[in-house]
Amino acid sequence: MIRDEFENICWRYYKLLEKSFVDILLYVELDKRNYSTFSYEFVRQLQSIGAEVDSVLKVICGFENNERKTMTDYCPLVLKKYADITTREIMVRDMKIVPFCNWKKSNPTSSLFWYEAYNETKHGRTGDFRKANLKNTLYALAGLYLLEMYYFREIAQLDEPDVPSDGSEIFTIYNWIPRWLSAGNGVYIS
């Protein structure tokens, strides 16, 4: 997938998911004390974000859309390609979070608490509904954001921006230095 295609397909959808998350923050303050707050809206968001994580991982790993793949297939490839992903910090307001902390090849699904929560809410509606909460949704969205930013960097040619034209409203990557900076509205500064 080329950079412009990725931005038009994957990044635009990411922005819709982010907007839904930002909208719910009008009702549930983004604060660690609210991490366990759960709702049907978080179920919907976690399901959408988790499905998109799967789709983006398929693109990053070079699998075809019709191939049935799991975290067991993605994890070794991503950890090899993006070796620092397990320590990469995301800034969200005044907090630092590490969405891929503890991601391990030996147990790739359960080593990501937010992905395991997505899987449990996807496969078991009668399971623990409380896993569809602010913390898991936040970390899932931050994980998706990080994956997309890595992929932008990977596919951008030297004369192309290695960032999306319209950045995230809530996330920045700590100590991430892009070749280009987005000034918004498709304007870049190199």
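**Chatting through the helix packing**

Modeller: Let's begin with helix H4, whose buried residues are Trp114, Tyr115, Ala117, Tyr118, Asn119 and Thr121. Keep in mind that this is a predicted model.

Colleague: Okay! What do the buried residues of H4 pack against?

Modeller: Those H4 residues pack against H2, H3 and H5.

Colleague: Let's look at those helices, then. At what angle do H2 and H5 pack?

Modeller: H2 (residues 40-61) and H5 (residues 134-155) pack at about 25°, and their axes are 9 Å apart. Angles under 35 degrees count as roughly parallel, so that is how H2 and H5 lie to each other. The crossing of H2 past H5 is left-handed.

Colleague: Which residues meet there, between H2 and H5?

Modeller: On the H2 side they include Phe42, Leu46, Ile49 and Val53, and on the H5 side they include Leu134, Ala140, Leu144 and Tyr151. By class, the contact of H2 with H5 has 14 nonpolar, 3 polar and 2 charged residues.

Colleague: And H2 with H3, are they parallel or oblique?

Modeller: H2 and H3 pack at an angle of about 55°, with 10 Å between their axes, and are therefore oblique to each other. H2 passes H3 in a left-handed crossing.

Colleague: Which residues of H2 and H3 meet?

Modeller: Val53, Asp54, Leu57, Lys58, Ile60 and Cys61 in H2 meet Met71, Tyr74, Leu77, Val78 and Lys81 in H3. That contact divides into 8 nonpolar, no polar and 3 charged residues.

Colleague: New topic: the core. Which residues touch the most other members of the largest nonpolar core?

Modeller: Ile85 and Phe171 do, out of the 62 residues in that core. Among the elements that give two or more residues to this core are helix H1 (3-24), strand E1 (90-92) and strand E3 (171-173). H5 gives the most, with 15 residues. As a rule, nonpolar side chains in soluble globular proteins tend to be buried together.

Colleague: What is isoleucine 85 in contact with?

Modeller: Leaving aside neighbours within four places in sequence, isoleucine 85 is in contact with Val78, Leu79, Phe100, Trp103, Leu146, Leu147 and Tyr150.

Colleague: Leu79 is on that list. Is leucine 79 buried or exposed?

Modeller: Leucine 79, found in helix H3 (residues 71-81), has a relative accessible area of 16%. Buried means under 20%, so leucine 79 is buried. Not counting residues up to four places away in sequence, leucine 79 touches Ile85, Thr86, Trp103 and Lys105.

Colleague: Last one: how many Å apart are leucine 79 and arginine 179 in space?

Modeller: They are 23 Å apart, C-alpha to C-alpha, and 100 residues apart in sequence.

Definitions and conventions:
Residues are numbered from 1 along each chain as its sequence is written. This is a predicted model: local features need pLDDT of at least 70, side-chain atom pairs count only at pLDDT 80 or more; totals for chains, interfaces and linings use all residues. Side-chain values use heavy atoms; hydrogens and water are left out. Axes are lines fitted to C-alpha atoms, for helices over the stretch in contact, and angles run from 0 to 180 degrees between N-to-C directions. Helices (H or I, at least four residues) and strands (E, at least two) are DSSP runs, numbered from the N terminus. Angles under 35 degrees count as roughly parallel, over 145 as roughly antiparallel, 65 to 115 as roughly perpendicular and the rest as oblique. A crossing is left-handed if the near helix is turned anticlockwise from the far one by less than a right angle, and right-handed if clockwise. Contact means heavy atoms within 4.5 Å. Ala, Val, Leu, Ile, Met, Phe, Trp, Tyr, Cys and Pro count as nonpolar, Asp, Glu, Lys and Arg as charged, and the others, Gly among them, as polar. Buried means under 20% relative accessible area, exposed over 50%, partly exposed in between (1.4 Å probe, protein chains only). A nonpolar core is a set of buried Ala, Val, Leu, Ile, Met, Phe, Trp, Tyr and Cys residues joined through side-chain atoms within 4.5 Å.
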